[in-house]
Each structure stands twice: as structure tokens, then as C-alpha cells.
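This report describes selected features of one protein model. The sequence and the structure are shown first.

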Amino acid sequence: IDKGSDVNLGDADNFTPLFLAVDRRNMEVSNTIPWIITSDPLPLIEKLLASGADPNARVRNTLSYRGSIAGQTRLRYAGGTALIRAAFSGDLTLTKLLLKYGADPTAATDDHTTALLAAAGYGFIDDYSVQRGEAERLQVLKTLVELGGDVNEANNLGITPVMTAAH
């Protein structure tokens with residue numbers, strides 16, 4: 001970054017440094033993932049955003065290790081943004097930071113999954129998915145609703161944030 005790298009340059013699926021750093025901040029813990037012990041990338045995320053990283057950059061795929069686990073379908077990120085990934089984990093600090101830098105709170109993935117639906121727990125797998133505490137997740141939900149999130153907006157499967165939260 002200090003030498004002028006393009007902070008918005010993504011890989012073939014447009015996974016940008018920002019999206020990957022957001023993903024890493026809330027990475028699942030598994031003995032099959034060799035990078036489970038890392039320092040918090042929040043300072044890097046802040047530097048990327050301050051250096052012009054686009055919080056609305058859309059990825060073109062779901063990370064290969066995020067497709068499913070134990071036969072359960074996970075949240076599909078194709079078409080999604082870093083905010084959707086942060087909301088999925090109920091990360092209030094990161095959600096507010098991304099919003100401060102212009103993240104669209106109503107952006108959706110290709111299958112119309114919004115940050116609000118992700119924050120409500122869509123695709124969450126008990127005992128595997130990393131999440132923040134319930135109080136923090138509730139604040140993420142409230143923030144997204146205050147910014148226009150619709151609790152009754154369904155994705156392509158007909159699932160709404162209300163349905164997911166009730167589950």
C-alpha cells in the first residue's frame with residue numbers, strides 16, 4: 001500500500017484485499033485450516049479503506065472453502081460485498097467502519113442475499129461459523145434496518161431476515 005499498490009485489484013474472482021481481510025477477521029477455526037492463528041487484520045482493513053479500497057466491490061464467486069460443510073449450504077458470496085461478509089459474522093465494528101467509507105447497506109449477492117439477511121444468520125452453521133455476541137449482532141441488525149434494510153425482503157429461495165432470525 002505504501003508503495004502505491006492498487007488496493008482494488010482483485011484476483012480472477014474479484015476477491016479484493018479488502019474482502020479477504022474482512023473474511024480473515026472472522027475466519028472459522030478449524031484444525032484443517034493452516035492459517036487459523038493470525039493477528040486481527042482490522043488495522044490493515046482501516047489502511048485499505050483510507051487508501052481508497054472500494055467497500056462496494058463485488059466478488060464474482062464464493063471462496064472455494066465456503067461452499068458447504070457437512071452437507072449444509074453456506075451463504076453464497078457471488079455478487080456480494082465486504083459488508084455482507086462482515087454482517088454475516090455480526091461484526092459491529094467492521095460493519096460501521098465499512099458503512100463510514102460508503103458501503104451500500106442494501107447491496108445484495110447474485111441470489112439477492114442482503115447484509116441484513118446475512119446478519120440475521122442466513123447460512124450460519126452452529127458450532128462452526130464464527131460470530132460475535134448476540135448483543136453485537138442485534139446492533140448490526142438494527143443499524144442495517146435503520147439504513148433501509150427490509151426485514152421481509154426475500155432472496156431467490158424465498159428466505160427473509162425475519163424467517164432466518166426466527167430459525
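Is V151 buried, partly exposed or exposed? V151 is partly exposed, with a relative accessible area of 32%; buried means under 20%, exposed over 50%, and partly exposed in between, using a 1.4 Å probe and protein chains only.

The model is predicted, so local features need pLDDT of at least 70 and side-chain atom pairs count only at pLDDT 80 or more, while totals for chains, interfaces and linings use all residues. Residues are numbered from 1 along each chain as its sequence is written, and side-chain values use heavy atoms, with hydrogens and water left out.

**Salt bridges**

The structure holds 4 salt bridges (a side-chain nitrogen of Lys or Arg within 4 Å of a carboxyl oxygen of Asp or Glu). Among them are the following pairs.

| Pair | Distance, N to O |
|---|---|
| K47 and D2 | 2.8 Å |
| D23 and R85 | 2.6 Å |
| D91 and R25 | 2.6 Å |

The side chains of D23 and R85 meet in a salt bridge. This pair links distant parts of the chain, with D23 in helix 1 and R85 in helix 3 (residues 82-88), 62 residues apart; helices are DSSP runs (H or I, at least four residues), numbered from the N terminus. D23 is buried, at a relative accessible area of 1%, and R85 is buried at 0%.

For the pair of D91 and R25, D91 is buried at 0% relative accessibility and R25 is buried at 13%. A network of salt bridges links R25, D40 and D91.

Technical notes. Helices (H or I, at least four residues) and strands (E, at least two) are DSSP runs, numbered from the N terminus.
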